[in-house]
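Welcome! Let's take a friendly walk through this structure, beginning with the ligand and what surrounds it.

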Amino acid sequence: MAPNSEFTDGAEAANSLQSICYKRGSLQLLDQRKLPLQTTYLDIRDSTDGWHAIKDMVVRGAPAIAIAAALSLAVEVFNLEDFNGTPDEAFSFIVMKLEYLVSSRPTAVNLSDAAAKLKQIASTVAAATSDAKNVFEAFIEASEIMLEDDVASNKAIGTYGASFIQHLLENSKSISMLTHCNTGSLATAGYGTALGVIRSLHTEGVLERAYCTETRPFNQGSRLTAFELVHDNIPATLVADSAAAALMKDGRVNAVIVGADRVAANGDTANKIGTYSLAVSAKYHNIPFFVAAPLTSVDLSLSSGQEIIIEERSPKELLHSQGGLGEQVAASGISVWNPAFDVTPANLIAGIITEKGVITKKGTDAFDIKGFVQKAALQSGA
Ligand code: MRU
């Protein structure tokens with residue numbers, strides 16, 4: 001079942017860069033498949049609508065899909081009228097729905113990380129209450145906090161990233177950045193990760209130009225990142241994915257910055273397909289390559305990127321124009337390999353910019369992310 005209704009340019013759609021519009025009991029998601037030409041929001045009534053919106057790319061980007069999934073279930077439990085179960089039954093209901101939501105897209109860890117945290121909260125409350133409503137209430141509140149926290153986390157990534165990059169580039173006042181896919185307001189609750197760093201460099205007056213790749217086959221770069229850059233009046237140029245190496249060779253790029261869907265404990269990073277080739281080109285041209293991601297994108301249970309499950313998407317994304325949404329363009333009968341992500345090894349990454357600071361390598365090929373996370377937890381008294 002697809003999300004049930006849509007509306008265009010309504011009051012909630014006033015900010016065209018807001019992918020998630022939520023108030024208690026109601027959720028609308030900006031249909032990113034229609035951007036930049038149409039601003040259409042879909043009404044999400046429950047986890048089934050949420051699952052379809054994620055699977056079908058209405059909402060995409062690792063942080064945004066985690067928050068959208070949580071809020072779709074928050075809306076469902078808020079509007080449940082005929083639930084007469086015990087707290088344990090309320091907990092089981094939440095677990096079942098979360099497992100379903102996690103099955104929508106496998107690569108971004110933010111979704112399963114959010115589900116695990118929400119399960120834990122619901123379980124603690126279920127054990128301590130005799131009223132199922134309290135379990136649902138705790139779930140709703142925790143989901144709402146995830147929405148609020150994401151923007152703050154992105155702003156911190158922006159600040160840390162901009163200052164680290166300026167320092168690395170010896171306080172240059174004209175920095176040009178290349179980015180891939182869409183990691184901005186549309187991929188998060190607001191502001192963005194890699195694009196947040198570019199926004200911060202621009203705010204500080206040191207950004208000469210942002211280059212964004214088209215990001216074939218789904219064109220998140222040309223449709224979404226270009227849209228955000230134009231919206232914010234940031235000097236920006238769109239390039240074909242295949243032009244990136246030539247752009248670097250021409251000396252037009254000072255640093256490359258991308259987001260992440262899952263970062264393994266050694267720093268190997270899964271991100272949008274094409275990220276790996278950008279990192280290889282950057283290494284060849286001696287250009288620093290950064291990953292910007294919240295710690296919710298880190299999966300310490302995986303020792304390296306080899307263990308990351310890479311989602312393969314429909315051949316239609318290549319066989320038809322507009323990332324599968326338009327007319328057929330490829331020869332009928334051709335077979336297709338369409339991985340949505342690739343893994344960039346840690347040795348190609350200069351630093352991982354998080355909301356707690358920038359993780360760097362200390363004379364090795366791998367990052368000690370576990371050590372960084374433990375130190376950050378100690379510093380924040382957690
Ligand atoms: O397939 P998508 O559009 O969900 O892929 C998005 C990316 O690869 C992003 O770079 C990543 O999720 C980080 S978004 C802040």
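The ligand sits in the largest cavity. Here a cavity is a set of points, on a 1 Å grid over the protein atoms alone, where a 1.4 Å probe fits but cannot get out; a molecule sits in one if more than half of its atoms lie within 2 Å of its grid points. Keep in mind that this is a predicted model, in which local features need pLDDT of at least 70 and side-chain atom pairs count only at pLDDT 80 or more, while totals for chains, interfaces and linings use all residues. Residues are numbered from 1 along each chain as its sequence is written, and side-chain values use heavy atoms, with hydrogens and water left out.

Domain 1 (2-150) and domain 2 (157-380) both give residues to the shell around the ligand, so the ligand lies between them; the domain bounds come from an automatic or database domain assignment. In total, 18 residues surround the ligand, each with a heavy atom within 4 Å of it. The closest are Ala62, Arg105, Gln220, Asn271 and Lys272.

Now look at the oxygen atoms of the ligand. Polar side-chain atoms of Gln220 and Lys272 each lie 2.8 Å from a ligand oxygen. A backbone N or O atom of Gly61 lies 2.9 Å from an oxygen atom of the ligand.

The peptide bond from Leu35 to Pro36 is cis, with omega near 5 degrees. The bond from Arg216 to Pro217 is also cis, with omega near 0 degrees. For context, most peptide bonds are trans.

Methods: Polar contact = N/O pair within 3.5 Å; in protein donor to acceptor, adjacent residues only side chain to side chain. 1 Å grid on protein atoms, 1.4 Å probe; cavity = no way out; pocket = protein on both sides within 12 Å on 5 of 7 lines; lining within 4 Å.
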